[in-house]
Amino acid sequence: MLGFVNSLMVRRYLTLVTGLFECLCFSGAVFGWASLVFILKTEGYFSSLCVSTTGVNATQVLDCSGQDEQFSLVFTIASFLFSFLMLPNSVLFDRFGTTVARLFGITLYTTGTLMMAFSTAALSNLMFPALALMASGGNMFLLTNLQLGILFGSHRSTVITLYNGSIGSSSALFLVIKLLHEAGIFFLPSFLFLSACSVLHLLRTFFLLPRGKIPHPLPDGYTCGITCSKSKTLSLEQITAEGNNQPTTEEVKDVPVDQEKSLRECLKSRLFWWHLLWLSVMLLRHYLYIGTLNPMLQRLTDGDPSLVSRYTDAFAITQLCGVLCAPWNGLIFDRNKGKPSAEGESEQEADLRASVLSLFLTALQCVLFSVCACIPSLPLQYFTFVLEVINRSFLFGGNAAFINVAFPLCHFAKLYGLVLALSSVFSLLQYACFALVNGPLHGDPLYVNIGVTLLTLLAFIHPLSVFLHCRSLASQRAISASSKCL
């Protein structure tokens with residue numbers, strides 16, 4: 001019996017570690033764009049868009065703003081699809097289960113890496129479908145790994161947080177490829193190796209993960225893979241929502257108003273729309289910064305390749321810390337645990353009140369990060385990199401946690417996917433911003449950065465709205481208690 005338990009735990013931890021490795025190395029590779037675009041420029045991708053112009057003193061200079069604009073469009077499409085496809089991928093996963101969803105994701109990812117491997121400067125346009133397919137496949141890797149938190153009971157929230165935080169850290173994949181490129185190993189072998197890694201994804205799919213979904217409650221002795229026991233399956237709403245360690249329906253049955261809300265009522269609520277605004281403006285700020293990092297470094301270093309390479313590497317290395325920063329926001333959300341609630345206050349309401357500080361700090365971090373990004377100082381960018389990775393970790397973790405506590409659990413996946421999909425549509429403005437810099441502003445991003453910084457101030461509306469909502473609920477409780485006394 002003891003041997004069986006030990007074998008079971010080894011299998012579960014193997015599933016956990018390999019899942020974390022998968023998310024760290026593959027899921028969010030698209031966010032390592034700054035490292036990849038450095039290689040692409042070196043190899044002459046879209047170089048036909050560079051034109052000779054007359055500069056000061058009638059000297060001939062090479063204007064590559066058209067090339068930068070094309071690279072910005074590639075990243076805009078890929079980052080848009082990474083977030084937008086969260087909703088349809090969630091539906092696919094809930095409908096067909098883990099195996100089908102992962103086979104679909106592996107096919108997309110492998111196709112993308114093969115396109116990258118065989119792309120050349122003459123076939124620069126392959127970058128559009130290649131990066132888009134890698135983003136779409138990486139999204140599915142994340143979704144199918146979220147359910148693993150159920151295997152670890154009270155540690156579910158830690159597992160889910162680690163997986164979400166690892167998305168930002170996986171941008172280091174392109175840093176490794178950049179370093180290999182500088183050592184003389186070019187695109188073809190690097191991306192062929194990534195394509196070959198699909199064998200590892202397939203082995204995890206068939207030997208360590210369920211065909212359907214991990215059931216909840218978890219049966220005794222449950223194992224995944226070929227020997228999965230047959231039991232009740234779990235939808236993505238329960239997988240991810242319970243993974244954040246939030247109260248179950250039974251625990252919050254004293255708040256029937258929230259539990260009885262339909263999806264339509266949730267979509268009509270002010271909390272939903274202010275949260276969408278909160279996420280959208282900050283997501284735009286991050287995507288714009290990542291997508292324009294290379295042109296910004298080119299401008300600040302006067303085109304010095306060694307300096308651009310050094311700062312690009314520093315940015316990618318900083319992203320590795322995302323997985324370490326991710327749990328901090330969860331600690332803020334859980335700070336009310338173990339503290340006595342106000343008389344008549346439900347646990348769900350206490351969690352909602354606890355979210356105010358997290359929402360406020362995330363917005364504050366984003367404003368500070370945006371202000372630093374506005375200042376054209378090269379050494380300051382090191383600090384900007386740190387703020388960016390901390391804020392991005394808070395942003396993605398806080399988004400899932402707030403939706404989980406503010407709305408009924410049965411709508412979690414739909415609302416989570418919908419919020420990311422709508423915010424990704426808003427993030428398409430990053431390409432318009434880049435075109436504005438390259439066009440009317442003649443390459444100076446100062447006014448666009450100031451405008452985006454002012455836009456991020458709108459994020460403070462959301463924590464204020466939640467604070468006022470909680471105060472209104474407290475007032476209603478006080479009035480109700482006074483009426484009972486009378």
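View 1. Where pLDDT is low, the predicted coordinates should not be read in detail. The protein chain averages a pLDDT of 82, and 83% of the residues score at least 70.

**View 2. The kinked helix α4, residues 86-117.** Helices are DSSP runs of H or I with at least four residues, strands are E runs of at least two, and both are numbered from the N terminus. The end C-alpha atoms of the 32-residue α4 are only 26 Å apart, short of the 46 Å that a straight helix would reach at 1.5 Å a residue, the expected span being 1.5 Å times one less than the number of residues. A kink of about 130° is centred on glycine 97, the bend at a residue being the angle between axes fitted to the seven residues ending there and the seven starting there.

**View 3. The disulfide of cysteine 50 and cysteine 64.** The sulfur atoms of this pair are 2.2 Å apart, where a disulfide requires cysteine sulfur atoms within 2.5 Å. The torsion about the S-S bond is about 120°, so the disulfide is right-handed. Cysteine 50 lies in the loop between α2 and β1 and cysteine 64 in the loop between β2 and α3, so the pair ties together parts that are 14 residues apart in sequence.

**Notes.** Residues are numbered from 1 along each chain as its sequence is written. In this predicted model, local features need pLDDT of at least 70 and side-chain atom pairs count only at pLDDT 80 or more, whereas totals for chains, interfaces and linings use all residues; side-chain values use heavy atoms, with hydrogens and water left out.

Definitions and conventions:
pLDDT = per-residue confidence, 0-100.
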